[in-house]
Every structure is written in structure tokens, then in C-alpha cells.
Amino acid sequence: MLILGIDTSCDDTSVALLRDEKEILSNVVSSQVDLHAVFGGVVPEIASRKHLEFIDIIAKEALREGKADYRDLDAISVTAGPGLIGSVLIGLCFAKGLACSLQKPLIGVNHIEAHAMSIFLERDVDLPFIALVVSGGHTMIIRLDEPCRYSVLGTTKDDAAGEAFDKIAKYLAIGYPGGRIIEEYSRKGKKDHVMFPRPMMDDNTCDFSFSGLKTAFINYAKHHRIDEKNIADVLASFQEAVIDVLFQKTLRAVKKTGIPRVVVGGGVASNGRLREVFQERGKEGGLAVMFSSPGFCTDNGAMVALLGHYYLRRGIVSPLDAKAFSRMALPGFMKC
Ligand code: KG4
Ligand code: ZN
């Protein structure tokens, strides 16, 4: 089974070619980071225009690297949401055109679900497991019973974890995307320099709120001078607060469900300190914590192709008039 996976949900144009479940023949990601960095965040109009410019080139490159031809494809899998609507539409329309001209199935998938399942690209995990998806647009804890069967245990009430990193970096004008830059600064910083709040950490839910933490940071920055002498300490303290909450909430989900296996996905999961904390504290708590390689944590077409593979195996395909969604409930659209 040869599936083309397309993701244009945000600012990466990604196309991958996957044979069956684990043979990634190619995974091409064209990042727009440099274009958006000058604005301190993604500009949706620019993102969709660039997807339009590059999607055809990236798809051809994915096929070339994978030594395949469009005619070899068995199906086309594509992110149908959630994401920036103009960006999602470019990938979806391109996929529809391919599906129509090649007379092959179109499979519209949920981007968050793809992040949660991306671990299977590299290894097997016993089911059920708890998935923490932490990206620029989402922070979610999901119970995964089997591919395509899951329930949401917790979600963010306001900003996503990655969004908090990005907004703080924008506020300090230290670059975009914020997560990676804040991680860099934090390596040399003292984690307990400032005791930032841990919003909602001690309630009984698996939900999150990062907007208050962002405000607490900005208030701190307004009342204290942040310069080259203390920036690493302040950012390390902020990063630690985010990671603390993420771990405690995941632990709560584990306790509530009695499932001691945790998979962490999404762009923020490429953070080295987060991986360290989850591994160390997870071990103390008897949890098995698993991560994808950083390249499969951030947006990629391979995870979309994989999810398409699972959908197709269950006979789920999308009509050629499938819609794009900026928001998409989980579970919901095209649920198996
Ligand atoms: O999954 P992703 O590539 O795209 C979305 O679906 O949003 O995640 C992007 C997010 C951005 O907010 C970015 O700042 C964050 O992931 N991120 C990180 C790191 N690398 C990317 N956050 C913390 N530490 C990192 N190393
Ligand atoms: Zn993503």
C-alpha cells in the first residue's frame, strides 16, 4: 500500500510517501519560518500563498525521493483540519485534484489525531495509551484505545503550550518560532529563578490554561528588567512552569485511567527539557514515556500518510467535496 501524505495545516508544506505502516520512502518538509520570523508569528495570508507556490514542487520531490510515480499511489491522505483555513484548503484542494485525476481514494484526516499516532511510524506501542499532543495550536490529552478509537480527557481552555512559547518570544522580540529559541536560552538558565504560576495544576481535571502564565510572564517583564544577564534564568523558569503543568496533567490522566503508557507528540514534544522531565519523573512514577524523533514531532506528511493508512484499512475514505476545517472536534469528523 503506497500512500501520499500531505500536510499544509500551518506554515510547513509537507509531503511524504509511506509504504504500508513503517516504510517512510520520503518525508519532505518545506519550512516557511524565515518568511514569518520578521513578523514574530505566522501570517495566514502569506502561509497559504506559499503553500500554493510550493505544494506541487514538494509533492514531486517526495515522489522523486521515494522513487515512485503518481500512478503508483494507492491513496492520497491529507490534513482536512484543524489548522489555518487558507493553508488547510491548499493541501486539501491539491489532494482532491490528485485523487480525482488518478481515480484513487481521498482520505481527509484530523491533524491532532495524526500527531497522536505519529509514534507508530517508528515503533510499536501497546494499546491503550495516553497521548499528550502539544503543538502551536493545541494542547490535548487523549486516551487512545486503538487506531481511530479515542477519547479526549483534557484540552486547553485558552492558549496552547506552543502558542505561549511563541507569544513570549514575540513579546521579548527574540525570534520565531519561540519554542526552540526559548529552549536554547533555557539551557544556560536557572529553572527556579522566578516562581511562575502553574495554572490549573492542582485542580482535578486534565485541562490546561496557559494564558494566565503568559500574562504572569508579561507582568514580570514589565516590573523587572530582562537583559542578557538574566534572560536565560527567566526563560528557563517560564519553560519549567509549562513543562511542570504538562507533566502533572498527564500524570493525572494516567491515574484516572490506570493506563501507565504515555506518548508525547506535537512540536513542543521536541523540547529537550520536556523530554528529560517526562522520562525522569515518568520513571519515578512507573510510567513508560515514549516520544517520536523530533522530526516527527513537528508537522510532517508522514504522520498524515500513516493515519490515512489506518483509515483506509477500515474502509474510511472522503468524498471529493470534503470540507476543510479550522477547528475540528476530536473525536468527530470522519471518526472511525
Ligand atoms: O506541531 P507543530 O509543528 O505545528 C502545529 O501543529 O502547531 O508545533 C509548532 C509549535 C510552535 O509553537 C513551536 O514554538 C513549538 O511547536 N516548538 C517548540 C520547540 N520546537 C517547536 N516548543 C518548545 N520547544 C521546542 N524545542
Ligand atoms: Zn501540528
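Donors are N, O and S atoms within 2.8 Å of the metal (3.2 Å for Na, K and Ca), and since water is not among the atoms, sites may look incomplete. This is a predicted model, in which local features need pLDDT of at least 70 and side-chain atom pairs count only at pLDDT 80 or more, while totals for chains, interfaces and linings use all residues. Residues are numbered from 1 along each chain as its sequence is written, and side-chain values use heavy atoms, with hydrogens and water left out.

**View 1. Protein donors of the zinc ion (ligand 2).** His111 (NE2), His115 (NE2) and Asp299 (OD) lie 2.0 to 2.1 Å from the zinc ion, and the donor residues follow the sequence spacing H-x3-H-x183-D. Because His111 belongs to helix H4 (residues 111-117) and Asp299 to the loop between helix H10 (294-297) and helix H11 (301-313), the pair ties together parts 188 residues apart in sequence. Helices (H or I, at least four residues) and strands (E, at least two) are DSSP runs, numbered from the N terminus.

**View 2. The open sheet of five strands.** The strand order is S8-S7-S6-S9-S10, with mixed pairing, where two strands pair if DSSP finds at least two bridges between them. Strands S8 (149-155) and S10 (288-291) are at the edges, each with a single partner strand, so one side of each has no neighbour in the sheet.

**View 3. Pairing of S7 with S8.** Strand S7 (residues 139-146) pairs with S8 in the antiparallel sense over six bridges, and Arg143 has Ser151 in S8 as its bridge partner.

Note on methods. Chains are lettered from A and ligands numbered from 1 in the order in which they are written.
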